[in-house]
Amino acid sequence: MLKDIIRQTIEKAVVAAQADGSLPTFAMPIVEIERPKQAEHGDYSTNIAMIVAAAIRKATGEKSNPREIAQALVKHLPVNALIGSTELAGPGFINVRLTEQWLQQQVAVIVQAGATFGNIARGQGQSWQVEYVSANPTGPIHYGGARNAVLGDTLANVLEAAGYTVQREFYINDRGTQFEAFIATLYARYAQLLGKDEAVPEVGYKGEYMVDYAKKLVDRYGDHFLKVDKQQALRELQPIGHELVISELKQELARIGVVFDQWFSEQSLYAAGLVNQALAYLEERGELVRRDGAVWFTASKYPKNDKDEVVIRSNGMPSYFASDIAYHYDKFVRRQFDHVIDVLAVDHQGHVPRMTAVMQALGLDPNRLTLLLYDLVRLVRDGKEVKLSKRAGNLVTINDVVDEVGSDALRFNLLTRSPESSIEFDLDLAVAQTNENPVYYVQYSHARICSILAKAAYEGFDLQTLAVHEATEPGLLTHPAELALIRKLLELEEQIELAIEKLSPHNLTHYAIDLTKSFNAFYRDCRVVDPDQPDLSRARLLLSQAARIGLAKVLRLMGVNAPESM
């Protein structure tokens with residue numbers, strides 16, 4: 001990665017300055033590299049001189065002048081094919097500028113890389129799991145759950161681009177009172193359709209979608225479930241209702257490009273004996289106690305937990321927390337993922353210290369588990385909030401929103417803010433065909449590039465040979481707008497790394513917009529195809545192709561389409 005090459009170059013300069021006596025001996029500090037906010041300050045900047053000054057004082061007790069340290073380091077920074085110049089700034093910053101020739105050469109490198117452009121090797125050899133959505137199988141997913149789906153799916157995309165082996169998993173909460181209430185409601189609606197007076201349970205689900213499910217039962221099974229004992233009917237309906245909802249969930253999520261590698265059933269934890277196995281393991285380690293007729297996990301002995309947690313109730317039934325313990329025991333001990341990300345709504349924040357305690361109790365590094373919390377979504381139409389209420393029956397689903405604005409607008413807009421920030425989704429803006437609509441702005445620019453390239457091919461330019469040095473001279477790309485576009489394209493690797501470091505891919509939306517602005521500035525200031533300048537035209541077409549690849553890549557990471565025409 002380019003940033004790493006610059007960092008390593010500066011580290012070598014520190015070692016060289018120590019070797020010639022310009023600097024005393026001290027432990028190598030972490031070299032911080034940033035992109036300056038202002039382009040005139042170069043391509044990269046580092047405050048290494050200030051950091052070294054602190055390291056010298058710690059090692060020797062003597063004060064040092066950061067600017068003098070920077071001067072000593074600059075003497076050992078090379079000027080080569082990559083680095084064009086280095087300069088001091090302010091109290092001791094070092095600014096690094098890349099050579100124009102190296103930047104120009106990267107255009108062909110991008111085109112030759114194609115779909116792999118921007119990929120980094122950060123996660124090679126590591127197996128990560130991202131668990132997301134994980135709703136109760138009691139109906140369609142309300143719109144707020146779409147943020148969970150989009151966040152988890154985009155993180156998985158980014159992790160794969162960074163070389164990680166990633167498994168995408170949906171945990172089905174198909175055990176407990178909510179699923180029982182769903183089955184009882186399904187039976188009631190089914191019976192009502194066949195003329196029987198059967199009340200929906202007080203704790204049942206009131207949405208019209210339950211009637212739709214019941215109609216499918218009537219179509220498939222007729223009046224079979226009225227001919228058997230009600231309790232038998234409820235038992236028979238459990239796997240049928242389960243399959244009915246999961247099948248529709250898969251279709252609903254597929255509409256926004258979310259497909260899972262595994263759908264993991266909570267019931268399977270009990271069928272496989274994993275709950276007993278995990279609890280027995282904790283008991284062997286002295287992490288469980290018996291009190292008041294129940295079995296408790298001693299969470300209170302771990303930081304940020306002020307009470308113990310029940311795992312076996314006094315009636316002998318395992319708690320939901322027991323399922324959670326077993327599920328993570330399965331993830332780390334049996335399946336041996338190196339790292340797991342659980343994407344959860346912010347109202348699960350109390351779950352974080354409990355699961356940290358569980359990891360420690362299992363003898364696992366708690367840093368291997370990340371509970372990624374996201375805030376709520378406020379859906380707005382015509383300036384007014386659209387309320388979500390599953391129990392009241394006026395559920396606004398993912399399907400409803402996709403029908404209105406499309407999958408691309410949904411995904412892009414749900415990625416514009418960091419997970420801990422709430423989102424106001426404006427349905428009117430999401431369908432507006434203006435530059436104020438960010439997804440339209442970015443997609444339109446991708447389509448524009450495709451149109452430019454198609455027109456050039458029609459006019460006789462051989463696009464297949466553009467990336468071959470003998471056919472195109474990238475050294476002709478000297479206009480400031482051309483170089484600015486190349487620089488912006490080369491930020492993609494760092495954007496992928498940043499999304500992983502923060503476990504927040506919202507930066508991709510901002511990068512996509514910035515990249516689009518850079519291309520539009522290039523398109524405004526530089527005539528791409530000029531019959532009188534065929535060599536320059538080929539170079540600019542090559543740069544346009546690189547921009548198309550970059551835009552398509554960042555859109556693909558977000559799960560958004562890159563249209564060739566609009």
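## Charges over rings

Arg291 lies over the face of Trp296, 4.7 Å from the ring centre. A charge counts as sitting over a ring when NZ of Lys or CZ of Arg is within 6 Å of the ring centre and within 35 degrees of the ring normal.

## About the model

This is a predicted model, in which local features need pLDDT of at least 70 and side-chain atom pairs count only at pLDDT 80 or more, while totals for chains, interfaces and linings use all residues. Residues are numbered from 1 along each chain as its sequence is written, and side-chain values use heavy atoms, leaving out hydrogens and water.

## The overall picture

The protein has 20 helices and 15 strands. These are DSSP runs numbered from the N terminus: helices are H or I with at least four residues, strands are E with at least two. Along the principal axes, the C-alpha atoms fill a box of roughly 85 × 70 × 40 Å.

Of the 566 residues, 52% count as buried. Buried means under 20% relative accessible area, exposed means over 50%, and partly exposed lies in between (1.4 Å probe, protein chains only).

## Aromatic pairs

How many aromatic pairs does the structure hold? There are 20 aromatic pairs. One of them joins Phe519 and Tyr523, which are stacked at 6.1 Å centre to centre, with 20 degrees between the planes. Rings of Phe, Tyr and Trp (its six-membered ring) pair if their centres lie within 6.5 Å; planes under 30 degrees apart are stacked, over 60 edge-to-face, and the rest tilted.

Phe519 and Tyr523 are 4 residues apart in helix α19 (residues 507–525), so about one helical turn separates them. Phe519 is buried at 1% relative accessibility, whereas Tyr523 is partly exposed at 36%. Elsewhere, ring pairs link Tyr132, Phe170, Phe260 and Trp263 into a cluster.

## A look at helix α6

Helix α6 (residues 177–193) has 17 residues and should span 24 Å at 1.5 Å a residue, which agrees with its end C-alpha atoms being 24 Å apart. The expected span is 1.5 Å times one less than the number of residues.

Buried residues of α6 include Phe179, Phe182, Tyr187 and Arg189. The helix's buried residues pack against α7 (209–221), α8 (230–254) and α9 (266–271), where contact means heavy atoms within 4.5 Å. After α6 comes Gly195, with a positive phi near 90 degrees.
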